[in-house]
Amino acid sequence: MDMIVIGFLLLLAIPTLSIVAISMAVGTRDQMRQLQQQVSALERRLSDGPVSYHWQNSAAAPTIEPEPQAANAPTEPAATAELASDTPTDAGPVATEAPAAASAAPPPSDGPTSLEERFGTQWVVWIGGLALALGAIFLVRYTIEEGLLGPAVRVVLGALFAAALIAAGEWTRRGETAAHIGGIPGRHIPSILTAAGTVAAYATVYAAFALYGFISPAVAFVLLGLVALATLAAALLHGPALAGLGVAGAFVTPALISTPTPNYWALYIYLAVVTGAALALARMRLWPWLAITAIALGTSWTFAGIDSTATGALSAHMFHVIAGFALATLLIVSGLFYGPTAAPGRVDRLSSGALGAYLFATACIVIAAHHDGAILITFTLLTTATVAIVWRSDAALWALPISALLAVLVMLQWATPLVYQRLILPAGVTAGAIPEPSTGSEWHLALGAVFGLLFGLSGFAAQTDKRARSDNPIVALTWSLTAAVAPIAILIALYGRLAHFDRSIPFALLALALAAAYGYAAERLNKHAPRPGLAGSVAVFATGTVAALALTLTFALDKGWLTVALALMAPGIGWVYRQRPLPALRYLTAGVIVLVLLRTGYEPRIVGDDLGATPIFNWLLYGYGLPAASFWTAGYLLRQRADDVPARMADSAAILFTVLLFVLEIRHYMTHGDLFRQSTALAEVAMQVSVGLAMTIGLERLRSRSMNIVHDIGALVVAGLTLAAIVFGLVGTVNPMVTGRPVGGLFFNLVLLGYGIPAILAAILALIARDTRPFAYRMIAATAAIGLSIAYLSLEIRTLYHGEFLARGLTTDAEQYTYSAVWLVFGVVLLFAGLLLRSQPARLASAAVVALTIAKVFLIDMADLTGIFRALSFIGLGVVLVGIGLLYQRLLFPPTAKPAAPAGDANEASQ
């Protein structure tokens, strides 16, 4: 059996060697042609001056951009050596700025790849590599099933097979047997052979550890790490596919080796070496995907045992994030240390994201370690380093707001504890005898001061720096926004934790000092010579001044003023926008509105149970009235330049807070301050309906002048809600005929409040909408007015006959006749109103009321009335109907005069 296997391998080797020989001969000729093309291209590039390299989005060679060369600047010989190193030699590659092997510089293509070329140059290579890996696996499986070789021999043969594949890959690379396609990594035969050998090496080490137990976890860990590092090193020669395999293997290795006593120091030292190798390779070959993968996998290992209480675990976590941050700074950040060249004014997402990833990991450790002092110092140092890096290189600009956001989140997480305050009761009489948990106030006060000064001063200094910072206005705006937002947010977090949102004069003084600082910054920058982004920075600092002043009021006054202060920022920002029309300020106003809405939704009572029992003049007036006025003003200011989303948000919020102000004030009055009481009465619904109709009338008048879509939609929404309250409330649930509750005196009672006043308001709405709304809208308004009027008249008659309890007693003949007579008179009044106003809806409403009266007389009065009341009912109805017909015939539809007949026709008629 062994001889058969050996013979099969020899037969397989003969054609393989033949193909290799032919490929070497053909490849030698094509390589000479490629070298001539590369030398010509490099000569042209060198004649343009020094070259710069930036992060690219592909694994191919980086785009080489010529940089302007200063006068009399000496030409660096290193550039020539680095560029010439693109040509592979037998001595191996030289570590350069550009790729070190010809595999990174594909030859020019003459056109689209044909199917035959794909098959012969790509598919067979891929399938061949896969076949080699599968063949090794099947060979091992065969030996296991047949019992031919022992475990030790299998491991040794696996290692030899891996070494053979790697050696074959290196041999073919040195001989340049890529068959005219060696420059394309995806179909590079040496890369495929080396990758297959790497997989075999991984499998061999893992089998020796996990399957057979030949080596200890520590040895397996070291061997797998060495294989991964060797794979990364080989990627310098064989392209990105091998680099991806090496990075994946390197970062997966710790997960494959399990131990009951994890050593975080060993893990993180290993990851530091692996991350450094991967980032160095990514920098040398300018592969952004490799850097992103290494950083993502490296930071993800931070969360392995992040909450561990083992000795030294926290210090190991700190070492991990510091080492990763330092490596990213040295190798990845463009324009700094060993990073790629930074294009002027260009922000690099990879440079920013690399720093932000390690800052995020550090912030997570801070939270997991319950704000331990050592990790807080580490987080502060990394944040400070980030500001310094961004100061030096604009390529890492986005790391600045990321660091500020994380700093604010760390402070907010400390300011809103979720653990000990809910689990530990107050000490009470044992206060002082039993130690209570420390809040860490001293640490965080100092930390907040450091962060506030760091972001505030650096943001202002970036605007006044005598050096030309950048021609990109985004740079200046980012610095100023960070300087304005971060200190205010940190101050709010400290205030919430230490003052518990109560009145605090010290915090009010801090906010006032912050407002003064922002005002000084705005005034100082306003006097500077114009440059990109300066006007926007002035607007940002002016907005910060308004926000800090609002916070001053909040901190100095009682609870609930935070909502008011935030709302007052909206017109302040709107005013600043009128002076400095920066588009970002409009969206900042929208953000403030969203914050106020969220704060109000969290606690609609603004100050909880401390609303006060005084009608109207209570916290609802301040908590909803002042924001409503602020939003009306902000909407007006923003609409002066554009009717966009922020302006419409301000108008919508103004309408919402105005409606809520009246609704909640009525609720507060009716429930004596308890907004959440489960009760609804006729008086409350009546006032809500009257307010709704009055607001609809006001919005209709406003929209006719402003032609604003928000006012238009707001009027429709309020009208719809009010109509629903009329139908389901006044007519249904709170109708005194249904509830049986008393309505009060004869005329000035709940019937007047609930039906009479709303009827008048609905009639006014129908009148003012007759020229601005469709016919259907006017008909609905007129119908609501008529319905409420009939309800008012009917319930008032009921009150005259039955007193304040309308549901008691029987209906007499006199009462039935009164209904008919009053309804008929009301119909006539409507008819006269329609004639005077020339209103068709009013005349149609009159016809409806008369028709209703006719139906009542013939269906109810004829059956129920007796004696004189039945006769009077029909006589009165008849007289009124005849009079109505006379009015229609004489005034609305008068008869037309017949034309005079000719004289001949008249004589014939006389005869």
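## Close-up views of helix packing and buried residues

**View 1.** At 17% relative accessibility, Arg-605 counts as buried (buried is under 20% relative accessible area, exposed is over 50% and partly exposed lies in between, with a 1.4 Å probe and protein chains only). You'll find Arg-605 in the loop that runs between helix 20 (583-602) and helix 21 (619-639). Helices here are DSSP runs of H or I with at least four residues, strands are E runs of at least two, and both are numbered from the N terminus. Leaving out residues up to four places away in sequence, Arg-605 touches Leu-611, Leu-675 and Phe-676, where a contact is a pair of heavy atoms within 4.5 Å. This is a predicted model, with local features needing pLDDT of at least 70 and side-chain atom pairs counted only at pLDDT 80 or more, while totals for chains, interfaces and linings use all residues. Residues are numbered from 1 along each chain as its sequence is written, and side-chain values use heavy atoms, with hydrogens and water left out.

**View 2.** Here is the whole chain, with its 31 helices and 2 strands. Buried residues account for 44% of the 911 residues. Take the contacts between residues at least 6 apart in sequence: 71% of them join residues at least 24 apart.

**View 3.** This one zooms in on the largest nonpolar core, which has 149 residues. A nonpolar core is a set of buried Ala, Val, Leu, Ile, Met, Phe, Trp, Tyr and Cys residues joined through side-chain atoms within 4.5 Å. The members that touch the most other members are Leu-279, Phe-379, Phe-455, Trp-479, Phe-541, Phe-555 and Phe-631. Helix 16 (residues 473-498) gives the most to this core, contributing 12 residues.

**View 4.** Helix 12 (residues 373-392) packs on helix 13 (residues 399-415) at an angle of about 155°, and their axes are 9 Å apart. The axes are lines fitted to C-alpha atoms, over the stretch in contact for helices, and the angles run from 0 to 180 degrees between N-to-C directions. Helix 12 is therefore roughly antiparallel to helix 13 (under 35 degrees is roughly parallel, over 145 roughly antiparallel, 65 to 115 roughly perpendicular and the rest oblique). The two helices cross in a left-handed way, meaning that the near helix is turned anticlockwise from the far one by less than a right angle, with clockwise being right-handed. On the helix 12 side you can pick out Leu-376, Phe-379, Thr-383, Thr-386, Val-387 and Val-390, which meet Ala-399, Leu-400, Ser-403, Leu-406, Ala-407 and Val-410 in helix 13. That contact is made of 9 nonpolar, 3 polar and no charged residues (Ala, Val, Leu, Ile, Met, Phe, Trp, Tyr, Cys and Pro are nonpolar, Asp, Glu, Lys and Arg are charged, and the others, Gly among them, are polar). Phe-379, setting aside neighbours within four places in sequence, is in contact with Leu-359, Thr-362, Ala-363, Val-366, Leu-406, Ala-407, Val-410 and Phe-451.

**View 5.** Helix 20 and helix 22 (residues 645-671) have axes that come within 9 Å and cross at roughly 30°. That angle is why helix 20 and helix 22 are called roughly parallel. Helix 20 passes helix 22 in a left-handed crossing. Residues to look for in helix 20 are Arg-586, Tyr-587, Ala-590, Ile-593, Val-594, Val-596, Leu-597 and Thr-600, and in helix 22 they meet Pro-646, Ala-647, Met-649, Ala-650, Ala-653, Leu-656 and Phe-657. Sorted by class, this contact between helix 20 and helix 22 has 13 nonpolar residues, 1 polar and 1 charged.

**View 6.** Helix 23 (residues 682-706) and helix 24 (residues 709-733) cross at roughly 160°, with axes coming within 8 Å. So helix 23 and helix 24 run roughly antiparallel to each other, and their crossing is left-handed. Their contact takes in 14 nonpolar, 7 polar and 3 charged residues.

**View 7.** Two alanines in helix 24 get a closer look here, Ala-715 and Ala-719. Ala-715 has 0% relative accessibility, so Ala-715 counts as buried. Ala-715 lies 5.4 Å from Leu-699, C-alpha to C-alpha, though the two are 16 residues apart in sequence. Beyond four places in sequence, Ala-715 touches Thr-696, Leu-699, Glu-700 and Arg-773. Ala-719 counts as buried too, at 17% relative accessibility. Not counting residues up to four places away in sequence, Ala-719 touches Thr-696 and Tyr-777.
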